[in-house]
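I opened this entry to note what I looked up, one topic at a time. The sequence and structure come first, then my notes.

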Amino acid sequence: MSTSDTRSPESDAVPTAQIPDPENVAGGPDSRPTNPAGACAVSAAPTPDAAAALDPSYDAIVVGGGPAGATTAAVLAQHGRRVLLLERERFPRYHIGESLMPYTWFTFERLGVLDWLKGSGSPLKHSVQFVSTNGKVSQPFYFFQTIEHECASTWQILRSDFDAMMLRNAAGKGAEIRQGVTVRDVLLENDRAVGVRATLAGGETATWRARVVVDATGRDTLLANRLGWKRRDPDLNKIAIFTYFTGARRDPGLDAGATTVAYIADKGWFWYIPLVDDTVSVGVVAEHDYLYRDTRDPEAIFRREAAECQWIREHLEPGAHRGPVRVTGEFSYRAAAAAGDGFCLVGDAYAFLDPVFSSGVFVALKGGELAADAIHAAFDRGEDVTAATFDDYARDVRYALDSFRRIVIAFYDQTFNFGEFIGAYPDLQPRLVDLLVGNVSRDLEPLFEALAEYSRRTVSSGAATTCRREPHAAQDPP
Ligand SMILES: Cc1cc2nc3c(=O)[nH]c(=O)nc-3n(C[C@H](O)[C@H](O)[C@H](O)COP(=O)(O)OP(=O)(O)OC[C@H]3O[C@@H](n4cnc5c(N)ncnc54)[C@H](O)[C@@H]3O)c2cc1C
């Protein structure tokens with residue numbers, strides 16, 4: 001096993017030599033369909049001359065080039081707006097967050113990147129399956145059983161490759177991309193954002209001005225930190241320890257690309273996500289005190305938990321370990337507000353939610369789209385961008401986050417049993433499915449009312465012994 005990564009749990013921006021980089025993805029870059037932006041160079045942090053550094057003519061500055069930032073920049077550029085995106089790293093760079101929700105399809109369609117995804121070699125994800133602590137596997141929950149649309153199949157993506165493609169795509173649509181530029185601060189004048197101050201790769205300082213600044217810095221949460229807006233979720237406070245294998249076991253046929261969630265006894269869960277190039281992403285999520293109970297060595301903790309989880313042990317057994325073992329804190333949080341005058345927060349820069357249902361990239365993409373449309377509409381009306389510009393954006397993103405959070409809380413609730421819940425409320429199964437695939441524009445209130453009623457009933461009937469991690473858990477998933 002290679003060396004463990006014991007950096008701060010808050011950091012997962014660790015380089016990895018072992019994970020295939022985009023040039024090594026199956027078929028090679030030349031065999032892939034040409035991205036609309038494929039030929040477009042993404043500039044690598046040129047030193048801005050004095051004129052560029054002071055150029056006030058950008059409509060928008062987007063800070064961060066992950067899925068949220070790249071989407072915001074691409075949509076604004078599609079609207080004909082002049083956009084500057086500043087990214088600290090040089091892509092491709094490592095990132096966690098590899099399993100998509102089916103409803104990401106609609107943003108991909110709008111951005112024109114579906115062909116790239118289809119030709120990328122990324123495994124198709126048709127389903128999610130759950131495994132109980134005794135190794136019993138649920139009937140896979142196939143999205144096509146409830147969605148009659150192409151989006152019923154989504155992808156398991158290598159983020160270094162995917163994120164680089166998204167940035168190229170934004171550049172192809174006209175956004176100016178500068179990599180190796182670390183934004184240090186957002187310039188505020190009378191509480192209105194007017195630009196950013198950044199450090200270039202060579203250490204020089206540069207300043208750019210624009211009519212709006214979009215914070216898409218992910219879990220670095222540039223503005224939420226600066227403004228003291230970050231609020232931790234006291235109920236969702238986990239640690240993830242994760243790594244990669246090649247040659248590990250894949251389930252046959254349609255299930256080869258499934259996400260598997262395997263419970264560990266009453267303490268958390270493993271993810272098992274098949275990626276391109278016969279690589280598997282595998283990680284364990286649980287509370288700090290449980291994971292660190294007898295050692296602080298992430299590699300030892302990962303090995304211990306993998307050995308104790310039958311399904312994971314059996315699937316990893318033929319594989320070879322690749323890459324460092326990484327650690328990251330999974331504290332869920334949300335900023336006190338999603339926007340202010342002249343700025344907004346998108347993706348993880350606004351909120352991060354426990355990733356058990358793979359909602360993060362979906363929220364980043366959808367949020368990027370909504371924020372960009374709101375900015376464009378304000379400009380079209382001839383208005384300055386104010387906090388109110390983002391009222392609809394904030395409402396929709398909050399509703400999505402609140403909805404996903406309710407189901408995440410149910411997942412961790414020892415008294416909750418998905419199978420029993422659907423048995424008690426069969427009419428609500430389609431609503432539950434809507435939530436799990438990302439169809440959060442539906443009215444999900446009936447589902448939430450039933451979840452609350454079910455919880456009250458199980459608590460008052462003392463049914464807390466219905467631990468979904470015991471054998472019958474194999475029937476649990478909806
Ligand atoms: C353990 C774990 C597992 C996860 N699994 C999944 C999953 O399976 N599916 C899923 O959908 N989501 C998952 N997520 C969540 C997912 O990773 C995020 O929700 C998603 O990456 C958010 O995208 P973003 O664009 O907001 O932020 P990011 O992807 O983090 O991008 C932010 C970018 O901003 C740049 N940046 C930061 N600070 C600065 C600065 N000061 N100046 C310039 N640039 C800066 C960074 O370099 C980075 O490229 C997981 C998260 C964790 C922690």
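**Notebook: sheet, ligand shell and loops**

I began with a sheet: 8 strands form an open sheet in the order 5-4-12-13-14-11-15-18, and the pairing is mixed. I noted its edges next: strand 5 (141-142) and strand 18 each pair on one side only. The model I am reading is a predicted one.

Strand 5 pairs with strand 4 (residues 127-131) in the antiparallel sense, over 2 bridges. Across this pairing I found Ser127 opposite Tyr142 of strand 5.

**The ligand**

Which residues are closest to the ligand? I counted 36 residues around the ligand, and the closest are Gly66, Gly97, Gly218, Gly347 and Gly360. I then listed the elements that give two or more residues to this shell: helix 2 (67-78), strand 2 (83-87), strand 8 (182-189), strand 15 (320-335) and helix 10. Helix 10 gives the most, with 4 residues.

I sorted the shell by residue type and got 14 nonpolar, 14 polar and 8 charged residues. I also checked the domains: domain 1 (29-114 + 157-231 + 334-397) and domain 2 (124-155 + 233-332) each supply at least three residues to the shell.

**Asp354**

I looked up Asp354, which sits in the loop between strand 18 (351-352) and helix 10 (360-380). Is Asp354 buried or exposed? I put it down as buried, because it has 23 C-beta neighbours inside 10 Å and the cut-off for buried is 20 or more.

Leaving out residues up to four places away in sequence, I found that Asp354 touches Leu236, Lys238, Glu330, Ser332 and Val408. I also took a distance to Val285, which is 69 residues from Asp354 along the chain: their C-alpha atoms are separated by 9.5 Å.

**Backbone angles**

I kept a general rule at hand: most residues other than glycine have a negative phi, and most peptide bonds are trans.

I found a cis peptide bond between Phe91 and Pro92, with omega about 5°. Pro92 belongs to the loop between strand 2 and helix 3 (105-111).

I then turned to the loop between strand 13 (268-274) and strand 14 (279-286), where Asp277 is found. Phi of Asp277 is positive, near 60°. Asp278 is in the loop between strand 13 and strand 14, and its phi is also positive, near 55°.

Asp277 counts as exposed, because it has 12 C-beta neighbours inside 10 Å. Asp278 has 16 other C-beta atoms within 10 Å, so I wrote it down as partly exposed.

Notes:
Residues numbered from 1 in each chain as written. Predicted model: local features only at pLDDT ≥ 70, side-chain atom pairs only at ≥ 80, totals over all residues. Contact = placed C-beta atoms within 7 Å. Pairing = 2+ DSSP bridges. Near = placed C-beta within 6 Å. Nonpolar A, V, L, I, M, F, W, Y, C, P; charged D, E, K, R; others polar. Domains from an automatic or database assignment.
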